[in-house]
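Subject: Structure for you, with notes

Hi,

Here is the structure I promised to pass on. Please open it alongside this email.

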Amino acid sequence: MRINVRPATPPDHNGVGSGVRTAGPYASPMATSKTDPLPTGEEKVTAVREMFDTIAPRYDLVNRVMTFRMDVGWRKKTIADLGLPAGSTVLDLAAGTGDLCRMLQEARLRPVGIDMSYGMLAAAATTAPLVQGDALRLPVPDGSVDGVTCGFALRNFRELGGFFDELARVVRPAGRIALLEVAEPRNPVLRFGHGIYFGRVVPLIGGLLSDRAAYQYLPKSVAYLPEPDEMLSMLADADFESVERRLLSAGISQLVTATRR
Ligand SMILES: C[S@@+](CC[C@H](N)C(=O)[O-])C[C@H]1O[C@@H](n2cnc3c(N)ncnc32)[C@H](O)[C@@H]1O
């Protein structure tokens, strides 16, 4: 493992002290009780970073168990639909423990991983360069990358509009983005089963393997996402074209791709 970490802020290993928690590929900041509102703004940023620092060591294990390894296939699809040729430079934003970076390298692309959690980067198993930083304020020049991938992090950002504007700034014209995120199935029966699984089973598994509270409010975290049409419009407004959204695995996951105008 080689880590080129540039700490933007000192790592905080004091655990979660802000009353909100996040976790997993299905994770976002969560309130500690069902009635607590989800955090926003800087409170959300701090909660996200602290929580991922805390759960980093068992993050990959919990992912694989909770998704029955479907997350591996979703990431493969993300890279395939990015559709860039070998040798392209790709920023993997919110890179976490480096799964997408590793797979981008296997596909002969040239990834650089960026994540704001020092703990996640320190737990990463990839030889790609890794940088600690904020996906909404990227330390790269305008139009300097061929593409961007981002796995399971849209819900974790302070705000999506600013993130999409930053993508438009750094991706060169005709460059590509592929954004993977969780979703709720549209079919009412599947939606009901999905709600039971992620509302009840996932917190149990998360509690056994990692941190129950961190995985307890998964259904709530989806509330951070705008309606699909709104999200696609936001990308078009940010100067992307060919904006597409595909549902994966019966709609429990979604992949949004677009081309920089
Ligand atoms: C659910 S994990 C996903 C990790 C990885 N992409 C994957 O597919 O497993 C979400 C990641 O987003 C990161 N993150 C959240 N907000 C961020 C931001 N503003 N800038 C960079 N990383 C951020 C967290 O630190 C965490 O590692």
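Below are my notes, from the overall fold to the ligand.

Overall fold

Please keep in mind that this is a predicted model. The protein has nine helices and nine strands. It runs to 261 residues, and 48% of them count as buried. Take the contacts between residues at least 6 apart in sequence: 68% of these join residues at least 24 apart.

The sheet

Seven strands make up an open sheet. Their order is S5-S4-S3-S6-S7-S9-S8, with mixed pairing. Which strands stand at the edges? They are S5 (130-132) and S8 (240-248). Each has a single partner strand, so one side of each lacks a neighbour in the sheet. From one strand to the next, the twist averages 15°.

S8 pairs with S9 (residues 253-260) over seven bridges, in the antiparallel sense. Leucine 248 has serine 253, in S9, as its bridge partner. Helix H3 packs on this sheet. H3 touches S6 (145-151), S7 (171-182), S8 and S9. The direction of H3 makes about 160° with that of S7.

Helix H2

H2 covers residues 59-67. Its buried residues are Tyr59, Val62, Asn63, Met66 and Thr67. Why do they sit on the same side of H2? They cover an arc of only 105° around the axis, and that puts them on the same side. An α-helix has 3.6 residues a turn, so residues three or four places apart point the same way.

What do the buried residues of H2 pack against? Their partners are H1, H3 (70-82), H5 (118-122) and H7 (188-209).

Around the ligand

There are 23 residues around the ligand. Ala94, Gly96, Ser117, Ala135 and Gly151 come nearest. By class, the shell has 15 nonpolar residues, five polar and three charged. Which elements each supply at least two residues of the shell? Helix H1 (41-55), helix H4 (99-106) and strand S4 (110-115) do.

Best wishes

Definitions and conventions
Residues are numbered from 1 along each chain as its sequence is written. This is a predicted model: local features need pLDDT of at least 70, side-chain atom pairs count only at pLDDT 80 or more; totals for chains, interfaces and linings use all residues. A residue is near a molecule or strand if its C-beta atom, placed from the backbone, lies within 6 Å of it. Helices (H or I, at least four residues) and strands (E, at least two) are DSSP runs, numbered from the N terminus. Ala, Val, Leu, Ile, Met, Phe, Trp, Tyr, Cys and Pro count as nonpolar, Asp, Glu, Lys and Arg as charged, and the others, Gly among them, as polar. A residue is buried if 20 or more other C-beta atoms lie within 10 Å of its own, exposed if 12 or fewer, and partly exposed in between; C-beta atoms are placed from the backbone. Two residues are in contact if their C-beta atoms, placed from the backbone, lie within 7 Å. The arc is that of the directions from the helix axis to the C-beta atoms. Two strands pair if DSSP finds at least two bridges between them. Axes are lines fitted to C-alpha atoms, for helices over the stretch in contact, and angles run from 0 to 180 degrees between N-to-C directions.
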